[in-house]
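Trainee: Could you take me through one part of this model closely, with the cut-offs behind each term?

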Amino acid sequence: MASAWWPCLILALLSGLAASGFPRGPFLLLGKRSLPEGVANGVEVYSTKINSKVTSRFAHNVVTTRAVNRADTAKEVSFDVELPKTAFITNFTLTIDGVTYPGNVKEKEVAKKQYEKAVSQGKTAGLVKASGRKLEKFTVSVNVAAGSKVTFELTYEELLKRHKGKYEMYLKVQPKQLIKHFEIDVDIFEPQGISMLDAEASFITNDLLGSALTKSFSGKKGHVSFKPSLDQQRSCPTCTDSLLNGDFTITYDVNRESPGNVQIVNGYFVHFFAPQGLPVVPKNVAFVIDISGSMAGRKLEQTKEALLRILEDMKEEDYLNFILFSGDVSTWKEHLVQATPENLQEARTFVKSMEDKGMTNINDGLLRGISMLNKAREEHRVPERSTSIVIMLTDGDANVGESRPEKIQENVRNAIGGKFPLYNLGFGNNLNYNFLENMALENHGFARRIYEDSDADLQLQGFYEEVANPLLTGVEMEYPENAILGLTQNTYQHFYDGSEIVVAGRLVGEDMNSFKADVKGHGMDFQVEVTTEKITLWNRAVPSTFSWLDTVTVTQDGLSMMINRKKNMVVSFGDGVTFVVVLHQVWKKHPVHRDFLGFYVVDSDRMSAQTHGLLGQFFQPFDFKVSDIRPGSDPTKPDATLVVKNHQLTVTRGSQKDYRKDASIGTKVVCWFVHNNGEGLIDGVHTDYIVPNLF
């Protein structure tokens with residue numbers, strides 16, 4: 001798990017191997033002959049294998065390519081691998097005629113300088129460069145003598161992220177020629193158990209894929225193998241070129257008996273947190289859109305198409321506004337408005353009418369959107385239980401108003417004040433993407449580049465879907481200070497549906513009894529009101545009413561409520577936290593007693609140590625001592641002295657009925673009774689705990 005803190009390693013440099021001066025075996029004089037199939041320019045790549053082992057979402061990948069120079073003269077052999085941008089290279093070796101040359105992996109800035117120097121000296125070097133939306137390209141070339149064999153081996157690692165409810169492993173397949181032995185072999189091990197596993201290839205029909213692909217999973221293990229034959233690789237039955245050119249994607253998910261899972265290996269821990277079934281938190285969204293002259297044409301049309309699709313996905317409890325900037329700033333409405341059907345229809349008309357004009361005033365556009373969100377909160381125009389988001393789209397650099405990137409970042413940072421995230425979308429290549437990325441990251445968001453392709457509108461919509469469903473805000477992962485030495489990021493502005501929070505750290509010792517993870521966050525919003533006559537479930541001010549004559553189970557917004565006719569009601573939520581409310585009925589004409597409710601907590605060990613309240617303060621063990629048992633005022637009920645919380649209290653022995661197993665008669669339980677409404681035992685006084693509703 002220590003590799004979670006390794007830097008991004010992006011260069012493999014073979015500093016000791018000259019382009020034409022490496023040691024080699026005897027030069028083979030070869031006569032003219034027909035070259036076998038799969039040979040390009042005298043070089044045959046006869047084997048490519050991608051071997052991946054995934055353990056607890058962490059992928060260790062080894063790409064091995066073997067080639068032979070079948071020409072009569074020395075040839076340059078290239079090795080190209082496209083790897084995910086979130087991955088990092090950990091090793092690279094080059095083996096020629098049995099002699100292995102190890103690579104020196106350097107960090108980005110150092111690597112670039114050494115790469116340029118190596119190339120100028122005629123040495124073999126490889127550098128990673130951006131290749132596309134999800135990938136970066138590693139390339140290295142070497143001069144290989146006639147008849148010699150060369151093996152390239154690249155190792156890279158990646159922490160797989162959960163996206164829309166699945167972990168995705170993305171492999172680029174592009175051998176450029178037919179290969180006798182081509183194979184992708186992936187083993188997956190997940191301690192929680194694998195719930196689903198799939199694989200697909202964008203470059204091959206389902207019929208051919210089915211015969212070349214095997215996939216299986218059972219329990220904690222999964223396996224995927226893709227091994228196309230030469231004939232299956234051909235672009236047509238008689239062709240000599242390969243159809244293996246595209247994306248090979250593996251997706252899977254794990255079993256989730258509880259939202260959190262902690263795994264401990266070799267003194268390190270990883271905490272995975274992905275709750276399910278929680279209600280979506282309403283959003284207040286300020287769309288800050290660049291309509292400068294450079295957005296003219298297809299860019300603006302695609303932006304409109306994306307916004308129209310996004311408006312279709314807005315929920316009625318959401319609030320929104322559009323802030324347009326060019327040389328100046330204009331807005332659709334003066335303040336945020338609710339996403340009612342009427343307002344959304346008006347918003348569609350506004351989006352369709354947007355026109356490009358003028359310069360690019362990023363600073364004022366962002367500050368107007370941020371100010372609008374702040375005022376909406378201050379003036380109570382948006383729900384108290386809601387979250388705010390700024391989404392900016394631009395295709396260029398600021399060139400009017402405040403144009404200094406560092407000053408814009410300062411202004412935006414001060415205006416947001418850490419209260420909500422900023423997401424920056426950079427349209428095209430001609431912009432300062434580093435500026436957009438840094439500004440987003442320091443405001444708890446992230447940046448995305450929108451590529452100028454035919455599907456740019458779908459890219460924009462896809463981004464919005466990632467942030468459209470916040471389930472929790474202000475998430476904080478807490479761990480005992482005396483149990484850990486180091487920790488990765490453990491606070492998050494938002495948790496989105498289908499994603500996962502991952503926190504890693506180093507443990508102080510081997511005693512796991514002192515290690516406990518607590519998660520704090522804001523998200524669930526419900527009330528359950530229970531009386532002896534009826535049960536009412538409130539969700540965002542919308543009531544659902546049931547009677548004690550019902551037998552029903554309701555699962556709603558992360559809450560499970562089960563009513564057992566005339567007996568009890570079981571309420572469960574969160575990490576298996578369960579409460580039981582028992583209906584105790586008495587004879588209707590009884591002169592004194594009336595029906596009453598009993599409230600019980602099941603599995604109290606699932607409660608956080610920070611849980612308080614009248615019941616919460618007793619979820620965790622506490623020290624007490626009973627002594628000096630003596631006769632009381634009632635001869636059948638002795639008194640004693642209870643020492644608890646530095647207080648000495650007089651208590652009286654009696655009995656209490658436990659109705660959990662027998663709701664009618666109950667079970668007699670002997671216990672000590674504290675007088676004066678629990679004074680000295682409970683924190684504060686009993687009136688502190690009187691509330692109008694049960695929850």
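Mentor: D683 is partly exposed, with a relative accessible area of 31%, and K645 likewise counts as partly exposed at 32%, where partly exposed lies between buried, under 20% relative accessible area, and exposed, over 50%, for a 1.4 Å probe and protein chains only. This is a predicted model, in which local features need pLDDT of at least 70 and side-chain atom pairs count only at pLDDT 80 or more, while totals for chains, interfaces and linings use all residues. Residues are numbered from 1 along each chain as its sequence is written, and side-chain values use heavy atoms, with hydrogens and water left out. D683 and K645 form a salt bridge whose closest N and O atoms are 3.1 Å apart, the term requiring a side-chain nitrogen of Lys or Arg within 4 Å of a carboxyl oxygen of Asp or Glu. The pair links distant parts of the chain, 38 residues apart, since D683 sits in the segment after β44 and K645 in the loop between β42 and β43; strands here are DSSP runs of E with at least two residues, numbered from the N terminus.

Terms used:
Helices (H or I, at least four residues) and strands (E, at least two) are DSSP runs, numbered from the N terminus.
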